[in-house]
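Subject: Structure handover

Hello,

Here is the structure I said I would pass on, with notes on what turned up in it. Please read the notes with the coordinates open.

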Amino acid sequence: MIIMKLVAVTACTTGIAHTYMAQEALEKECKKRGYEIKVETQGGLGIENELTEEEIAEADAVILAVSIGIEGDERFDEKRDEGKVLTMDPSVLLKDVSSVIDQAEKI
Amino acid sequence: MIFLDVEVNNKNEALQYLVNKAEENGLIFDHELFLKEVKKREEKVSTAMEFNIAIPHGKSDTVIEPFIGYMKTKKSFHWDEDSPNLVQYIFLIGVPQKNGNKIHLKYISEVSRKLIDDDFRRKLFNCKSVEETYDLLNSINKEVKI
């Protein structure tokens with residue numbers, strides 16, 4: 001079984017509801033599959049669990065569940081060039097976390 | 001703000017009810033302004049989720065303190081006309097433009113997280129009184145580390 005290493009950022013407009021729910025949903029789904037994931041949240045409580053350059057470089061895929069522009073977006077440029085970044089609105093992620101992770105597997 | 005068995009037939013009625021209550025309870029200055037913000041967010045992407053929950057929310061200067069209000073409607077209804085999602089449990093969240101009281105925000109984020117937990121949801125949906133609901137939601141407060 002391949003163990004995927006994922007990183008993600010969640011950020012929603014109000015910075016509360018979807019931001020943290022998306023984080024929770026991602027962590028739960030990855031736990032189910034035995035994958036590693038670190039989720040940075042940019043919300044009302046500021047930036048928490050910030051992703052380091054190293055963590056991003058080592059990741060198999062990046063999930064940006066965001067509905068606003070995020071700080072430090074440039075950190076993901078390299079992964080973007082490699083086609084390893086998935087971007088979607090956090091509420092879309094919440095509706096079906098499973099298929100988002102499936103998509104990440106295919107990258 | 002906890003409201004059970006409320007009779008509303010659609011999203012607009014539900015939102016109107018909640019924003020009016022929010023103003024009555026001194027959580028927001030102007031319910032019309034807040035309603036506008038909430039509707040704007042809804043139009044972008046609907047906040048209806050699985051499990052018959054919807055989490056409409058708005059960020060605005062008219063919000064005095066971050067708050068989360070809960071309503072259980074008498075009957076479930078379609079949140080959006082074009083989607084099969086039925087909603088019966090609605091959490092309205094309001095956040096000031098300039099991020100307010102951190103403890104409140106932390107609490108709201110914890111409640112949001114809990115909604116992903118099957119066990120918690122089951123307990124919440126089974127609450128038969130405002131007191132029971134309040135106790136359950138309040139128990140999250142104890143988990144919030146200040």
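In chain A, the axes of helix H1(A) and helix H5(A), residues 97-106, come within 10 Å and cross at roughly 65°. Please keep in mind that this is a predicted model. The crossing in which H1(A) passes H5(A) is right-handed. On the H1(A) side the contact is made by Ala25(A), Leu26(A), Glu29(A), Cys30(A) and Arg33(A), and on the H5(A) side by Val97(A), Ser98(A) and Ile101(A). Sorted by class, the residues of this contact are 5 nonpolar, 1 polar and 2 charged.

Apart from neighbours within four places in sequence, Leu26(A) is in contact with Ala8(A), Ile37(A), Val39(A), Ile63(A) and Val97(A). The largest nonpolar core has 66 residues. Leu26(A) is among the residues with the most contacts inside this core, along with Leu6(A), Ala8(A), Val62(A), Ile63(A) and, from chain B, Ile93(B). H1(A) gives the most to the core, with 7 residues.

Now the contact between the chains. Chain A puts 17 residues into the contact and chain B puts in 21 residues. On the side of chain A that touches chain B, the elements giving two or more residues are helix H1 (17-33) and helix H4 (90-95) of chain A. H1(A) gives the most to this side, with 6 residues. By class, the side of chain A that touches chain B holds 8 nonpolar, 5 polar and 4 charged residues.

Chain B has a helix pair to look at as well. Helix H1(B), residues 11-24, and helix H2(B), residues 31-44, have axes that come within 9 Å and cross at roughly 135°. Angles over 145 degrees would count as roughly antiparallel and 65 to 115 as roughly perpendicular, and H1(B) and H2(B) are therefore oblique to each other. H1(B) passes H2(B) in a right-handed crossing. H1(B) contributes Leu15(B), Gln16(B), Val19(B), Asn20(B), Ala22(B) and Glu23(B) to the contact, while H2(B) contributes His31(B), Phe34(B), Leu35(B) and Val38(B). The classes in this contact are 6 nonpolar, 3 polar and 1 charged.

Regards

How values were computed. Residues numbered from 1 in each chain as written. Chains lettered and ligands numbered in written order. Predicted model: local features only at pLDDT ≥ 70, side-chain atom pairs only at ≥ 80, totals over all residues. Contact = placed C-beta atoms within 7 Å. Helix = DSSP H or I, 4+ residues; strand = E, 2+ residues; numbered from the N terminus. Nonpolar A, V, L, I, M, F, W, Y, C, P; charged D, E, K, R; others polar. Axes fitted to C-alpha atoms, helices over the stretch in contact; angles between N-to-C directions. Left-handed = near helix turned anticlockwise from the far one by under 90°. Parallel < 35°, antiparallel > 145°, perpendicular 65-115°, else oblique. Core = buried A, V, L, I, M, F, W, Y, C linked by C-beta atoms within 7 Å. Buried ≥ 20, exposed ≤ 12 C-beta atoms within 10 Å, placed from the backbone.
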